[in-house]
Amino acid sequence: MEMKTRIQEKFISLFGHEGDLYASAGRINLIGEHTDYNGGYVFPGAIDKCIVAAIKTNGSAKVRAYSVDYDEMCEFGLNEEDKPAKAWACYIFGVCRETIKRGGKVEGFDTVFAGDVPLGAGLSSSAALESTFAFALNDIFGNGIDKFELAKIGQSTEHNYCGVKCGIMDQFASCFGKAGCLIRLNCKTLEYKYFPFNPEGYRLVLVDSCVKHELASSAYNKRRESCERAAAAIRKKHPEVEFLSDAKRVWLDEVRSEISDEDFLRSEYVIGEVQRVLDVCDALERGDYEIVGELMYQTHFGMSKLYEVSCEELDFLNKLARKMDVTGSRVMGGGFGGCTINLVRDELYQDFVDAAVEQFTAKFGHAPKIYDVVISDGARKL
Ligand code: GLA
């Protein structure tokens, strides 16, 4: 049965009538990782894996939310002290609170939701959840908040209710996603441009290691702090540096003795990565997928050796891709587990997928998951 039918049926069985249906998407990112909170460029797109929610106001001051995937109900109020204990419910609660903080109206509602964005795979299931509710509440309560602010509502939810000091990429992709297009986003100014992405003769495939390292969110926050320390050191000499992405590579060298080796390596990665996004966009406009792929490998190297957000399983998948002459491959998203994103020539696709499954399983004792992705629309009413 289609996901939205299952959700609607559950909604009717719990609340006795139909809800309105909304959806938003997970995302991929072709290149530009850990650049968003550094004011740099990213290059994501929404995908055909979504969160879908049925929602209806209930005339009370309470939210009654049911997660189909967890088979759990959670009820909470809308005041700051009402934060629910269940992690999944905090995303919905956070979106309500952040909408209210921006002057929006939110009253009690009932909701049932489910999704097919794999959890912990680096595909931003949490941003999909936040964007679904940010978009839906804005529509239902007629708040007239623009899409930029809806994305920020999701991001602030992560910061203030979920403990992750993330950038804006995931929520932006989820809110602004457009079928067939990647989005080059300047995370400092929020200027963006759609790039039609249909690489003839190539396919994008994700290989999910199915590992998620426990301290991922605290390690993520630490990376951010490293970058902020380096940016602060550079700013003393070059006051125009607001974010690390504003710094030239030579300016980083000037402060080498003032920052830790670790902060230096992290920053070296970020400054290189911001440039790689622009280089990939240029290469795409020329149709030069070999260069796109080579830059993806460079990103993997940086994420593994300088930024240190890869892991044994992802390095293994990346090496295998290189060995098989896959055009491009790298760890995608925040890292510490999750997927590699691979740009593969059509004729190599099946051999690569078979080899990845077989060799990864032999080495790590569990099979990776394979996802083909279609670049799709973001937040919407169904
Ligand atoms: C996570 C965060 C994003 C971004 C990526 C890394 O997905 O939510 O803001 O920083 O990691 O590029």
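A pocket, as the word is used in these legends, is an open set of grid points with protein on both sides within 12 Å along at least five of seven lines. The model shown in every view is predicted.

**View 1. The second largest pocket and its lining.** About 170 Å³ of space lies in the second largest pocket. Its lining is made up of Phe197, Asn198, Pro199, Tyr202, Arg203, Leu204, Asp372, Val373, Val374 and Ile375, which by class divide into 7 nonpolar, 1 polar and 2 charged residues. Strand S9, which spans residues 202–212, gives the most to the lining of this second largest pocket, with 3 residues.

**View 2. The largest pocket and the elements that line it.** The largest pocket holds about 1,100 Å³ of space, and among the 48 residues that line it, Tyr91, Gly120, Ser124, Ser125 and Ser126 are the closest to its centre. At least two lining residues are supplied by each of helix H2 (87–101), strand S6 (109–115), helix H3 (125–140), helix H4 (147–162), helix H5 (169–176), helix H6 (216–237) and strand S11 (337–345). The largest share of the lining comes from H3, with 4 residues. By class, the lining of the largest pocket has 22 nonpolar, 17 polar and 9 charged residues.

**View 3. The ligand and the residues around it.** The space taken by the ligand is the largest pocket. Around the ligand are Arg27, Glu33, His34, Asp36, Tyr37, Cys166, Gly167, Met169, Asp170, Tyr220, Gly333 and Gly334, a shell that divides into 4 nonpolar, 4 polar and 4 charged residues.

View 4. In the side chain of aspartate 36, an N or O atom is 2.5 Å from an oxygen atom of the ligand, while a polar side-chain atom of glutamate 33 lies 2.7 Å from an oxygen atom of the ligand.

**View 5. Aspartate 325 in the loop between H10 and S10.** Aspartate 325 is found in the loop that runs between helix H10 (312–323) and strand S10 (328–331). The phi angle of aspartate 325 is near 70 degrees, which is a positive value in a residue other than glycine.

**View 6. Phenylalanine 336 in the loop between S10 and S11.** The loop between S10 and S11 contains phenylalanine 336. Phenylalanine 336 has a phi angle near 60 degrees, again a positive value in a residue other than glycine.

Key. Residues numbered from 1 in each chain as written. Predicted model: local features only at pLDDT ≥ 70, side-chain atom pairs only at ≥ 80, totals over all residues. Heavy atoms only, no water. Near = heavy atom within 4 Å. Polar contact = N/O pair within 3.5 Å; in protein donor to acceptor, adjacent residues only side chain to side chain. 1 Å grid on protein atoms, 1.4 Å probe; cavity = no way out; pocket = protein on both sides within 12 Å on 5 of 7 lines; lining within 4 Å. Sits in = over half its atoms within 2 Å of the grid points. Nonpolar A, V, L, I, M, F, W, Y, C, P; charged D, E, K, R; others polar. Points joined across faces, edges and corners; volume = space filled by probe spheres on them.
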